Each structure stands twice: as C-alpha cells, then as structure tokens.
Amino acid sequence: MYVAVGQFAVTPRWQENAHTCVALMAQAREKGAALLVLPEALLARDDHDPDLSVKSAQPLDGEFLRLLLAQSAGNQLTTVLTVHVPSSSGRAVNTLVVLRDGEIIARYAKLHLYDAFSIQESRLVDPGGSLSPLIDIDGMKVGLMTCYDLRFPELALNLALQGADVLVLPAAWVKGPLKEQHWATLLAARALDTTCYVVAAGECGNKNIGQSRVVDPLGVTIAAAAEAPDLIFTEINSARIALARQQLPVLRNRRFAPPQLM
C-alpha cells in the first residue's frame with residue numbers, strides 16, 4: 001500500500017486550511033496513494049489565541065468538511081485528519097474523521113486529552129469514550145489514534161490485538177525540551193509494541209514540531225519530514241508485517257490480559 005503523510009502550518013483561517021488539505025489530497029491522489037494522513041486540529045490555529053481551535057469548531061456537516069468531502073468524491077483515497085466538533089456551549093470534541101469517496105466512513109473522539117507540560121486540553125475539550133472500529137484499506141486493517149494517545153501503549157496494543165496492521169496518528173506535537181526525542185522514541189516504541197506500521201502526521205509552525213514519520217513494524221523509520229511543510233510518500237507491505245511478527249512475536253508471547261478501556 002502506497003501511503004502519503006502531509007504536514008503544514010495551520011492558519012487562523014479555516015478556508016485557507018481547507019484549501020491546503022484539498023491540495024494535499026489532490027497531490028496524494030495523483031501520486032497513487034491509497035492513504036493520506038494529515039495533522040490534528042486543522043480547522044484553525046493562532047499562536048496568540050490557544051482557544052481558537054475550539055472557538056472555530058464546526059459540525060461534521062459544516063463547510064470545512066464539505067470542501068474536503070467534495071475533493072474526496074469519486075475516488076478511493078482514504079484521508080485521515082482531526083477537527084474540533086462542537087459539543088456544548090464553548091466546548092468541543094477533538095474528532096478524528098476518515099474520508100473516502102465523498103463520505104465520512106469512520107470517526108474517533110480523542111480518548112486521552114493533553115493535560116501535560118502546562119497545557120490543559122480538557123479545559124475546553126470533552127474526551128471520547130470508545131474506540132473506533134478498524135478500517136480496511138487495500139486489505140490492511142488500520143487503527144485510529146490521535147496525538148497524546150501515543151503516550152498510552154494500552155490503546156495501541158488494544159488496536160493490534162483487534163487485528164490492526166497499521167496505526168495512524170494525526171498530531172500537533174508541541175515543541176519543548178526533549179519533546180522531539182519523545183516523539184521519535186514513542187513512535188518507534190508503539191511500532192515495536194504492536195509490530196504494526198505507524199503512520200504519523202505532525203502539524204508544523206511556530207509551536208509544533210512537524211516531523212511526520214512512517215515507522216515500520218521493526219521500529220525503522222522509512223519516511224520522515226523535517227519541520228517545514230511537506231508531503232512524504234512511502235510503500236508499506238504486509239510481508240514486512242509478517243516478517244516482524246515471525247521474528248518478534250510479542251503479540252503471542254505476552255502474559256498480560258488485553259487492555260480494556262475504563
């Protein structure tokens with residue numbers, strides 16, 4: 001399966017961000033990608049207003065996603081991203097959506113909210129309460145995660161035990177001391193924990209690191225971006241998953257019960 005990962009700096013204007021997403025979708029489709037992963041919280045962002053993502057929240061049938069769904073119509077490219085969807089007055093849900101052929105084929109509300117490193121996502125964002133079912137892309141089973149979820153191996157393991165071959169992760173990984181090291185280490189760790197591919201898109205800009213990556217089931221980075229806007233491509237294949245699971249059968253060798261959502 002040929003996959004694409006796009007990263008860019010989200011602006012305060014949702015129309016501009018939507019057009020950037022549409023352009024990346026068109027490029028990915030032209031290159032023959034089956035999967036495109038874009039970053040987290042793409043509606044709007046402002047360095048001077050940390051609440052803009054929530055203030056700009058739109059429903060799933062809002063204008064932002066309508067533009068992306070129009071680009072998606074009539075083709076089999078699967079696009080993954082997250083947007084904020086209104087929940088109650090002044091609050092929203094950080095919602096991952098999966099687009100294909102003009103429809104939202106899956107959604108996932110972020111389970112683990114980023115209440116860490118002096119940031120409190122839960123102040124205005126409501127957490128999800130369930131996992132999304134796996135989606136099928138070119139015969140591979142794909143599990144869905146969002147940003148801070150990366151720090152919780154139970155979620156990745158749960159998805160792998162359900163049959164995931166690939167884990168996708170839209171993110172807006174905040175800069176800070178050791179944060180780039182954490183990002184690289186955790187992506188490799190989740191790949192090794194699960195013997196899955198990990199396909200992670202990072203928002204770039206003044207506050208977030210970018211550094212989108214594709215990591216294979218043995219923890220090898222096979223494609224990566226730096227800190228600037230970029231669209232990267234790579235091939236992932238089931239033979240590599242089978243080899244990893246033969247050489248490193250951690251899913252069979254484990255002695256603990258499968259993790260459960262509290």
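Modeller: What follows starts with the helix contacts and ends with the pockets.
This is a predicted model, in which local features need pLDDT of at least 70 and side-chain atom pairs count only at pLDDT 80 or more, while totals for chains, interfaces and linings use all residues. Residues are numbered from 1 along each chain as its sequence is written, and side-chain values use heavy atoms, with hydrogens and water left out.

Helix α1, residues 14–30, packs with helix α3, residues 63–72, at an angle of about 15°, and their axes are 9 Å apart (helices are DSSP runs of H or I, at least four residues, and strands are runs of E, at least two, numbered from the N terminus; axes are lines fitted to C-alpha atoms over the stretch in contact, and angles run from 0 to 180 degrees between N-to-C directions). That angle makes α1 roughly parallel to α3, a term for angles under 35 degrees. The crossing of these two helices, α1 and α3, is right-handed, so the near helix is turned clockwise from the far one by less than a right angle. In the contact (heavy atoms within 4.5 Å), α1 supplies Trp14, Asn17, Ala18, His19, Cys21, Val22, Met25 and Ala26, and α3 supplies Glu63, Phe64, Leu67, Leu68, Gln71 and Ser72. By class, these residues are 9 nonpolar, 4 polar and 1 charged (Ala, Val, Leu, Ile, Met, Phe, Trp, Tyr, Cys and Pro count as nonpolar, Asp, Glu, Lys and Arg as charged, and the others, Gly among them, as polar).

Helix α4, residues 153–162, and helix α5, residues 179–194, cross at roughly 40°, and their axes come within 9 Å. This crossing of α4 and α5 is right-handed, and its contact joins Pro153, Ala156, Leu157 and Ala160 of α4 to Arg190, Asp193 and Thr194 of α5. Its residues comprise 4 nonpolar, 1 polar and 2 charged.

Of its 30 lining residues, Arg45, Pro50, Tyr114, Ile119 and Val174 lie nearest the centre. The elements giving two or more residues to this lining are α2 (52–55) and β7 (119–120), and α2 provides the largest share, 3 residues. The lining of the largest pocket has 13 nonpolar, 5 polar and 12 charged residues.

How values were computed: Parallel < 35°, antiparallel > 145°, perpendicular 65-115°, else oblique. 1 Å grid on protein atoms, 1.4 Å probe; cavity = no way out; pocket = protein on both sides within 12 Å on 5 of 7 lines; lining within 4 Å.
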